[in-house]
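Let's take a friendly walk through a protein model. Have a look at the picture first, and then we will go through some of its parts together.

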Amino acid sequence: MINSDEDVKNIIEKERDFFNKSKDAKKILTIILRLCEKYSFVKNQTYPRPSHPLEEKRKDPYYTLIAIILSLRTTLENETRAVQNFMNRYKSIEDVLNSNESELAEVIKIAGMPQKKANTIIKLSQYIQQYYNGDIWNAKTDSVQETRERLLNMPGVGEKSADCMLELGFDMPSMVVDINVFRTASRIFGEKWANNPDFSNKKQIKSIKDRLENSLPRDYLTYQIAHTMILLQGKHICKSKCKCENCFITDCCDFYREKNKEEKQEELEL
Ligand code: SF4
């Protein structure tokens, strides 16, 4: 469990031997340590979950899944308010099952698409009730792959939501490649599509997921830390139009190196 930003550094330091084993892993270690100096892990955790650093947000993974659904296509602020409204009104899955779609839609409307999200939440809750006796923990097995497949069979759960549930709800090592992680990691690793990353391209996403997972020890806390740090870097600095002039990991970025090489070459040719 991570309770403070100090814990974050200790967890990473403990894995130093693993990180020294490959070029990609060494690079990720340097990047994580540097980003940890810049961003607070603890302050940037949103979804309620069993291992949330803040006690008031330590919740059953059912609420993690609900938060993931509510977070789709909305702002962080509206997502947070909708999740809080949901948690205030529904204290258990039974409460949701005893409710109805229009009441639920009213509770979560700040998150946008209330009817659609309410419909998904009701169907999902009925599914968990039917197949897992109303307890989402029963969907977790020892295998990441098997648990992932079980999650993907649930109504409204796609690949990214399943990875989020594995990494945050079930504390299992499965890297979440959201749009910020995808763009930033593509550039850091200097992928051939780094100049024009296509988030609808499943092959590219899988390739980044594999590369990150191969560069990290199979430890869910390290995954949560790496995911948070790379996401924040993408959100604040490595945006679609990257702010390389403000970046503090330029020396670790293959895209930056290549871009500079090309610019110098162009200068020489003038
Ligand atoms: S150097 Fe530029 S492209 Fe590389 S990570 Fe930083 S902002 Fe992104």
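Helices α11 and α12 are roughly perpendicular to each other, a label used for angles of 65 to 115 degrees. This is a predicted model, in which local features need pLDDT of at least 70 and side-chain atom pairs count only at pLDDT 80 or more, while totals for chains, interfaces and linings use all residues. Residues are numbered from 1 along each chain as its sequence is written.

Two packed helices are described by the angle between their axes and the distance between the axes. Here the angle is about 70°, and the axes of α11 and α12 (residues 202-214) lie 10 Å apart. The axes are lines fitted to C-alpha atoms over the stretch in contact, and angles run from 0 to 180 degrees between N-to-C directions. Helices are DSSP runs of H or I with at least four residues, numbered from the N terminus.

Residues in contact have C-beta atoms, placed from the backbone, within 7 Å. The table shows who takes part.

| Helix | Residues in the contact |
|---|---|
| α11 | F182, A185, S186 |
| α12 | I205, I208, L212 |

By class, this contact has 5 nonpolar, 1 polar and no charged residues. Ala, Val, Leu, Ile, Met, Phe, Trp, Tyr, Cys and Pro count as nonpolar, Asp, Glu, Lys and Arg as charged, and the others, Gly among them, as polar.

## Around the ligand

Which helix gives the most to the shell around the ligand? That is α11, with 3 residues. The ligand is surrounded by 14 residues, each with its C-beta atom, placed from the backbone, within 6 Å. The closest are C238, C244, C247, C253 and Y256. The shell divides into 10 nonpolar, 2 polar and 2 charged residues.

Definitions and conventions. Helix = DSSP H or I, 4+ residues; strand = E, 2+ residues; numbered from the N terminus. Parallel < 35°, antiparallel > 145°, perpendicular 65-115°, else oblique. Contact = placed C-beta atoms within 7 Å.
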